[in-house]
Amino acid sequence: MASKSPAPKSSRVSARQPDTRISKAAPATADLRGNGDELQQQAGGSHPQLTTNQGIPVADNQNSLKSGGPRGPTLLEDFILREKITHFDHERIPERIVHARGSAAHGTFELTQSLSQYTTARILTEVGVKTPVFTRFSTVAGGAGSVDTPRDVRGFAVKFYTPEGNWDLVGNNIPVFFIQDAMKFPDLVHSVKMEPDRAFPQAASAHDTFWDFVSLTPETMHMIMWAMSDRTIPRSLRTIEGFGVHTFRLLDADGNSTFVKFHWRPVLGIQSTVWDEALKLQAADNDFHRRDLFEAIQNGDFPAWDLAVQLFTEDEADAFPFDHLDATKLIPEELVPLQVIGRMTLDRWPDNFFAETEQVAYCPANIVPGIDFSNDPLLQGRLFSYLDTQLSRLGGPNFHQIPVNAPKCPFANNQRDGHMQMQIPKGRVNYEPSSLQADSPRASREAGYRHHATVDDGAKGRVRPDSFADHYSQARLFFRSQSEIEQAHMASALVFELSKVETAHVREAVVGHLRHVDADLAQRVADGLGMDALPPAPEARVEAKDMPLSPALRIIDRMRDTLQGRCVGILVHDGSDAGTVKALRKAAEADGATVKIVAPKLGGAKLSDGTRLPADGQLAGTPSTVFDAVALVLSADGGRQLTREAAAVDWVRDAFGHLKAIAADEGAQAVLKAGGVKPDGGVLSATDTKAFIAAAKTRQWAREPKVRMLA
Ligand code: HDE
């Protein structure tokens, strides 16, 4: 097209003074040489015409339009360049103030047990129906470009596209929260985000402002116990639990209410990392969790979670020794058992990260008939916040029309216009009541959303109920319910975090609170910090009470011994024994593991039988931190060579330190020795595949005291 246009004046001028360094024959009109066609041969297939956003076909997507020959100035007239750059300039939208970094997937939810006795919600009563879902997992504190494995709470947000509208269950992987009242949320978040004057640390709670806030806000203590547990350093997104956190209501056809708490249980079971491993993963693979979820779905290894509920009446709630409206409290499973009612399976990675994962807008206020809110003051604040933040994040009131946010059932009302209106409403009626148009939408009492007729008759006031005043009993319950090893991890996590706090009085104040939680814990943390004496405990409004312990709150005991969802790395070099590699791979894959080959060069290794085994990862870029168990199959010469390769020595040192099973053959012993690996039940012969597979299904917890000084 452009070549047919007459030569612009400026070009004609420059054509008289051609740039001799490039070509004397520089054409006077737009030049299509080098328009990139020659670069694009490899893709094959048939490609649609590249156009501008106005549909104008583009002839050259490599060169801007210049006047005065190839080295002349670019013309403002170049509407193709301007449109392309302008669009690019606006490609970013504000990231979420919290939960900015996330990964998501499409899937379905299938109800297996009807709750029709308690609710009219079709999503909770129609057994066997597959409801589409979109689920986004996130870290909380870091920015969108931060890493996947900091110590942090994980968001677990599910959008159910039900036939009665979208229901968003916007939860976390921890069943309680830091604060009780929405009024404190901006303070909490400001304190944990990077400090405002220095703009660090990124994606970390280990700094003064966060612990300052904690030390002055005792209601955080229960959540702090969870945050310091291995729950916040998960192995993968596929192995986290999810919780709706707040108490919600289910409503039957007569408007009767039953309280409900929602839980997601990963079918793979819970798995966590150890802290040193989580730290090193930040260097090994920023996208560790995102990549794991992506690869699992691409491989057809679809992650799944059971949805379970805890149901209880108002009378039962009144008898609890805590307030079910307080989001810093959980309801022990031993008190109200969980009932599994369905399963969510994630089976499709989004086609486009921005369009779906970034633009998805969850809102706890998106709720369907038959489910209702409770008076939890944290929940009530959330009902306002999400829509409000999305108005600025997504630029206007029509973001519900973005495909990932739009309901999959018909929706109609008289809301009109606004930025980015994508629909073209027909007719003259955009109001109600109206009598002019037969198909204008009307409300209906039968199908419409009904609220629970809650009666609240107290006085107005900015108050916190007395029933919210016990900040330590459940913190104690959680800590004391953990296994010994988990308690040691928690104490060590507290020591790590507080060691990053520069201000002595903040460290002391936190340890003071810990005395209310558990005297032994406080002492261990004080010792770990090198304190000479225990700081005083602050006055507690309500002293901690001992509650019956809840073993269901542990995770190490509850981890499934399995290779499903786990990855085994095999380190090879030229001369590695082909039979051993083959047998290890076969055994690990038979048990459900993914196997990856690591070699000094990506081209792989020439094995003992002369075959070449390509590597999935180059040794220097594939540390053992990314695997759950490792094997080394090396010839004597290969082993000797790798003792001089720091990446190989670190490979075994870290695998050992991270409590992983290690299989090694004769040739690999030299590397084990160089890495300081001491024989134990988790260090096995590479030819004893059975023993290795058994050990690879779990971590070698008994090894931990030998490799780490835990608090
Ligand atoms: Fe959120 N939260 N939150 N939150 N939250 C947001 O909404 C907020 C809370 C949770 O993958 C924001 O669209 C307030 C508890 C998840 O897109 C914002 C309060 C729980 C996600 C917001 C809370 C959550 C968010 C930021 C206290 C667990 C990510 C961007 C009153 C039950 C959803 C956005 C996704 C996101 C506000 C407390 C979970 C600012 C005011 C408790 C999983 O609206």
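Why does proline 175 count as buried? Proline 175 has 26 C-beta neighbours inside 10 Å, so proline 175 counts as buried; the cut-off for buried is 20 or more other C-beta atoms within 10 Å of a residue's own, with exposed meaning 12 or fewer, partly exposed in between, and C-beta atoms placed from the backbone.

## Model and confidence

This is a predicted model, in which local features need pLDDT of at least 70, side-chain atom pairs count only at pLDDT 80 or more, and totals for chains, interfaces and linings use all residues. Residues are numbered from 1 along each chain as its sequence is written.

The protein chain has an average pLDDT (the predictor's confidence in each residue, from 0 to 100) of 94, and 94% of the residues score at least 70. Residues 1–30 have a pLDDT below 50, and this stretch has 38 contacts in the model beyond near neighbours in sequence. A contact requires the C-beta atoms of two residues, placed from the backbone, to lie within 7 Å. Where pLDDT is low, the predicted coordinates should not be read in detail. For the complex, the predictor gives an ipTM of 0.98 and a pTM of 0.94.

## Overall build

The secondary structure of the protein chain comprises 20 helices and 18 strands. Helices (H or I, at least four residues) and strands (E, at least two) are DSSP runs, numbered from the N terminus. Along the principal axes, the C-alpha atoms of the protein chain fill a box of roughly 95 × 90 × 55 Å.

Of the 711 residues in the protein chain, 43% are buried. Among contacts between residues at least 6 apart in sequence, 74% join residues at least 24 apart.

## Ligand shell

There are 27 residues around the ligand, of which Arg96, His99, Gly155, Ala182 and Val245 come nearest; a residue is near if its C-beta atom, placed from the backbone, lies within 6 Å of the molecule or strand in question. The elements giving two or more residues to this shell are β2 (130–139), β3 (154–162), β4 (165–172) and α10 (377–393). Helix α10 gives the most, with seven residues.

By class, the shell holds 14 nonpolar, ten polar and three charged residues. Here Ala, Val, Leu, Ile, Met, Phe, Trp, Tyr, Cys and Pro count as nonpolar, Asp, Glu, Lys and Arg as charged, and the others, Gly among them, as polar.

## Proline 175

Proline 175 sits in the loop between β4 and α3 (185–192). Neighbours within four places in sequence aside, proline 175 is in contact with Phe243, Val245 and Leu330. Val245 is also one of the residues that come nearest to the ligand.

## The parallel sheet

An open sheet is formed by six strands in the order β15-β12-β11-β16-β17-β18, with parallel pairing. Two strands pair if DSSP finds at least two bridges between them. The edge strands, β15 (617–618) and β18 (683–685), each pair on one side only. Five bridges connect β11 (residues 567–572) with β12 (residues 594–599), and five join β11 to β16. Leucine 571 stands opposite leucine 632 in β16, and leucine 632 has alanine 664 as its bridge partner in β17.

Five of the five residues of β16 are buried, so β16 is largely enclosed by the rest of the structure. Ala629, Ala631 and Val633 point one way from β16, while Val630 and Leu632 point the other way.

Helix α15 (residues 578–590) lies across β11, β12, β16 (629–633) and β17 (661–664), at about 175° to β11. Axes are lines fitted to C-alpha atoms, for helices over the stretch in contact, and angles run from 0 to 180 degrees between N-to-C directions.
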